[in-house]
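Subject: The structure I promised you

Hi,

Here is the structure we talked about, so please open it up and keep it on screen while you read.

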Amino acid sequence: MAATVTLEPAGRCRWDEPVRIAVRGLAPGQPVTLRASLRDENDALFRAHARYCADAHGQLDLERAPALGGSFTGLEPMGLLWALESEKPLLRLVKRDVQTPFAVELEVLDGHDPEAGGLLGRAVQERDFLAPGMRREPVRSGRVRATLFLPPGTGPFPGILDLFGSGGGLCEYRASLLAGHGFAVLALAYFRFEDLPEYLNNVCLEYFEEAVDFMLQHPKVKRPSVGLLGFSKGGDLCLSMASFLKGITATVVINACVANTIAPLHYKDMIIPNLSSDPGKYKITESGLLNLVDIWNDPLEKSNHRSLIPLEEAQGPFLFIVGMDDYGWKSEFYAQIASERLQAHGKDRPQIIYYPGTGHCIDPPYFPLCRASVHSVLGHPVFYGGEPKAHSRAQVDAWQQIQTFFHKHLNGKKSVKPSKL
């Protein structure tokens, strides 16, 4: 091979770490194509490519050289990761087994696609989800079904419960990465996992209260309170937990509704009905995808008031992460309702961060955007919105904002290392 591909860090790093990609040994001004690929746990292939030209010294540094075309254009040092796209349509890149890394292969080809020539250089980087020394502990305590991630060290560590949305199951990748930044994180399943209910017909808040108690009784978790991180349906569950349960200091929700959704919520003698919807209001995009953004009824209408979550009863602050191109539901509208409701009750406004061009599924950094995928419950392709470049920038910044918020309110730290954005 004529060229040398260098990666910093070399060999292996966390998935949410940026990597510096450079190529040496090229001819001055030589046109090349860089190609990235990885296979997920089901052997599905994800690829991205971009065209570049070497500098006058025959070198190429993606932190200084703009892409001239391909999967993206412009100065995008991490573009070869966030632009990865599945060869199969409607397939989203996720990580189910966090105990194994993703192997990302980088290749340098002579010339520009589609007429690129021979292979000039190659490198492989393993991007993992468990920091060295981190402990991963499956939790089967009472009714709680979860996985606890503990950072290395003696602790105790600020605790966070992490909930995903209406796809169900147990998702660990966000919790494992967040634990790498000094938190004890419980990835909590609440349906469609082991002996938990298969469907969200009725939800009992006592289950989540048991999970909070588990964390507060754990010797590695800092007391007297924990934080909550929830996405989509998991977000409105976190808002309900913060409003009704004790021991919660800080709550972050990603594209969440301020009303209880999908199924009635039970707690002791109380029932919060789910926000009504009109499935007949769905639309079909030109690509044949379901657009569900208009099926949810307005929670401010009198007939839906009982579904609203009493955020004013919460003891700690809120952070709302809002994708302004969210087609899952009207996240921007719901965040404004939350702000107005809290102010009306004399409470501090929530922190709201709006991200233009960002769709429903805001993952940790460098997970490529999937505008649409087959929903595991509906069994039909659903449109989620978002533009890849804007979505990637939002992921990087939101990940930093989430850490800063939790460190401030759970750990007493004013800030963490700032984002480059």
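This is a predicted model: local features need pLDDT of at least 70, side-chain atom pairs count only at pLDDT 80 or more; totals for chains, interfaces and linings use all residues.

Before anything else, one term: two residues are in contact when they have heavy atoms within 4.5 Å of each other.

S86 belongs to strand β7, residues 85–86. Is S86 buried or exposed? Its relative accessible area is 13%, and buried means under 20%, so S86 counts as buried. The side chain of S86 also has a polar atom 2.8 Å from the backbone oxygen of K88.

**The whole protein**

Now zoom out. There are 6 helices and 24 strands in the secondary structure. The C-alpha trace spans about 75 × 55 × 40 Å along its principal axes. For 421 residues, a compact globule would have a radius of gyration near 22 Å, and the protein agrees with that because its own value is 22 Å. Buried residues make up 55% of the 421 residues. The protein exposes about 17800 Å², and carbon and sulfur atoms supply 50% of that area. If you take contacts between residues at least 6 apart in sequence, 66% of them join residues at least 24 apart.

Have a look at H112, in the loop between β8 (102–110) and β9 (119–128). How far apart are the C-alpha atoms of H112 and T33? They are separated by 5.3 Å, although the two residues are 79 residues apart along the chain. Not counting residues up to four places away in sequence, H112 touches P31, V32, T33, R51, Y52, C53 and L68. One of these, Y52, has its backbone oxygen 2.9 Å from a polar atom of the H112 side chain. H112 has a relative accessible area of 25%, so it is partly exposed.

G121 is in strand β9, and it is buried, with a relative accessible area of 0%.

**Aromatic rings**

A pair of aromatic rings is described by the distance of the centres and the angle of the planes. The structure holds 20 aromatic pairs. Take W15 and F129: their ring centres are 5.9 Å apart and their planes are at 10 degrees, so this pair is stacked. W15 sits in the loop between β2 (12–14) and β3 (20–24), and F129 in the loop between β9 and β10 (135–141), so the pair ties together parts that are 114 residues apart in sequence. Both W15 and F129 are buried.

Compare that with Y190 and F208, whose ring centres are 5.8 Å apart and whose planes are at 55 degrees, so this pair is tilted. Y190 is in the loop between β13 (184–188) and β14 (203–204), while F208 is in helix α3 (residues 205–217), 18 residues apart. Y190 and F208 are buried as well.

Which residues do ring pairs link into a cluster? They are W15, F102, F129, F164, Y173, F231 and F367. Charged side chains turn up here too: R127 has its charged end over the ring of W15, 5.4 Å from the centre, and K95 lies over the face of F102, at 5.0 Å from the ring centre.

Most residues other than glycine have a negative phi, and most peptide bonds are trans. Here are some exceptions to look up. E8 and P9 are joined by a cis peptide bond, with omega about 0 degrees, and P9 is in the loop between β1 (4–8) and β2. The bond from R223 to P224 is cis too, with omega near 20 degrees, and P224 is in strand β15 (residues 221–231).

S232 has a positive phi, near 60 degrees. S232 lies in the loop between β15 and α4 (233–244), and it is buried, at a relative accessible area of 7%. K268 also has a positive phi, about 55 degrees. K268 is found in the loop between β17 (265–267) and β18 (270–272), and it counts as exposed at 64% relative accessibility.

Happy browsing!

How values were computed. Residues are numbered from 1 along each chain as its sequence is written. Side-chain values use heavy atoms; hydrogens and water are left out. Helices (H or I, at least four residues) and strands (E, at least two) are DSSP runs, numbered from the N terminus. Buried means under 20% relative accessible area, exposed over 50%, partly exposed in between (1.4 Å probe, protein chains only). A polar contact is a pair of N or O atoms within 3.5 Å; within protein, one must be able to donate a hydrogen and the other to accept it, and residues adjacent in sequence count only if both atoms are side-chain atoms. Rings of Phe, Tyr and Trp (its six-membered ring) pair if their centres lie within 6.5 Å; planes under 30 degrees apart count as stacked, over 60 as edge-to-face and the rest as tilted. A charge sits over a ring if NZ of Lys or CZ of Arg is within 6 Å of the ring centre and within 35 degrees of the ring normal. The radius of gyration is taken over C-alpha atoms; the globule rule is 2.2 Å times the number of residues to the power 0.38. Accessible areas come from the Shrake-Rupley method with a 1.4 Å probe; for residues, only the protein chains shown count as cover.
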